[in-house]
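Good morning, and thank you for coming. I would ask you to look at the sequence and the structure first, and then to follow me through a few selected places.

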Amino acid sequence: MTAWLSLLRPQQWLKNGFVLIGLIFSHGWSDPALVFAVGVGFVAFCLASSAVYVLNDYHDRAADAAHPKKRLRAIASGRVSLPAARALIAVLFCAALGLPLACGLGPVALAVAGYLTLNIAYTLSLKHKVLVDVFCIASGFMIRLACGTYAVGIVPSRWMLLCSFMLTLFLGFAKRRAEIASAPLDAPASEGSTRTVLRHYSPQLLDILVAITASTTLLAYGLYTVDSDTAALHGTQNLIITLPIVTFGVFRYLYLLYKGGSGEEPGRDLLADNQIRLAVLAWVAVVVLLVRT
């Protein structure tokens, strides 16, 4: 069971929280139909993302077997057989698409299908294209956001879209920076990794890209908090109070990236660090307090 669970990567389901963003920031939580539709979308994306992880492990099994850490993965190590892995991929793909269709949520199923199509292309080819690989990761998050907004009839804020896009680019480039840092010091960046695209990156380039996307994320969020439409929607002009909390969270993540050896698994890192968890809880508490008052 441990091997099968590790294949599904449940710790990565945190990323599917992007499906919930539109519901939260549009105050749609009071509409049972919207809550149901977004909830179905969240579960469908958990199934879809697990399907993609299993597909990736299946496709990369030979390279993973030669990797010092990834050789312990369930398929590369042989703990899960190839026929069983293929069957699991099929079940997850069908469940991810079948759930929203069974609930009469065609647009949600379409978003899931788009996500699956993108990630099949990513697994087979696009993850080897420099810069394209990270933009594919960001696009996957934007599809999640679209599922939780457009697919259920919610119109997202332009600032929400910009913040989400820049945040996902930031996390993507930070992930690549961490992967290069974890490579052996006396070997090219691509060695000891299944990501051949790393040979096209350099620490200096990624440092610049991380700095640009982190700065743009904070700038976009700051502009979102002072936007007149945001104030009208939430009934408060004080969301700017949350900017220091978000800034601390981003800076803490940068610290973990450059000093703590984190960044390769953003979902795990965000859950594991006490200070980031406290920052998230503080942000949620302040937003709820401001919106309700």
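I shall speak about confidence, then the annotated spans, then individual residues and salt bridges.

This is a predicted model, in which local features need a pLDDT of at least 70 and side-chain atom pairs count only at pLDDT 80 or more, while totals for chains, interfaces and linings use all residues. Residues are numbered from 1 along each chain as its sequence is written, and side-chain values use heavy atoms, with hydrogens and water left out.

Let me begin with confidence. The average pLDDT of the chain (the predictor's confidence in each residue, from 0 to 100) is 89, and 94% of the residues score at least 70. Over residues 185-192 the pLDDT stays under 50, and the model has 12 contacts (heavy atoms within 4.5 Å) for them beyond four places in sequence.

Next, the annotation. An unreviewed UniProt entry gives "transmembrane region" for several spans, including residues 76-99 and 205-224; such annotations may be inferred rather than shown by experiment, and positions are in the numbering used here, with feature names shortened. In the model, residues 205-224 are 100% helix and 0% strand, with end C-alpha atoms 28 Å apart. Residues 76-99 are 75% helix and 0% strand, and there the end C-alpha atoms lie 30 Å apart. Helices here are DSSP runs (H or I, at least four residues; strands are E, at least two), numbered from the N terminus.

I turn to Arg 9, in the loop between helix H1 (2-8) and helix H2 (18-25). Is Arg 9 buried or exposed? Its relative accessibility is 10%, so Arg 9 counts as buried; buried means under 20% relative accessible area, exposed over 50%, and partly exposed in between, with a 1.4 Å probe and protein chains only. Arg 9 has a positive phi near 55 degrees, although it is not a glycine. Arg 9 is also linked with Asp 57, Asp 64 and Arg 73 in a network of salt bridges, a salt bridge being a side-chain nitrogen of Lys or Arg within 4 Å of a carboxyl oxygen of Asp or Glu.

Helix H2 is largely enclosed by the rest of the structure, because 6 of its 8 residues are buried. Among them are Phe 18, Ile 21 and Phe 25.

In helix H8 (residues 158-181), Glu 179 and Lys 175 lie 4 residues apart, about one turn of the helix, and their side chains meet at 3.8 Å, N to O. Glu 179 also meets Arg 176 in a salt bridge of 3.2 Å, N to O. Both Glu 179 and Arg 176 are buried.

Which residue meets Arg 177 in a salt bridge? The partner is Asp 207, at 2.7 Å, N to O. Since Asp 207 lies in helix H9 and Arg 177 in helix H8, the pair ties together parts that are 30 residues apart in sequence.

Finally, Leu 239 sits in the loop between helix H10 (228-234) and helix H11 (243-259). Leu 239 is buried, with a relative accessible area of 5%. Beyond four places in sequence, the residues that Leu 239 touches include Thr 225, His 234 and Leu 290. Leu 239 and Val 291 are 52 residues apart in sequence, yet 8.6 Å apart in space, C-alpha to C-alpha.
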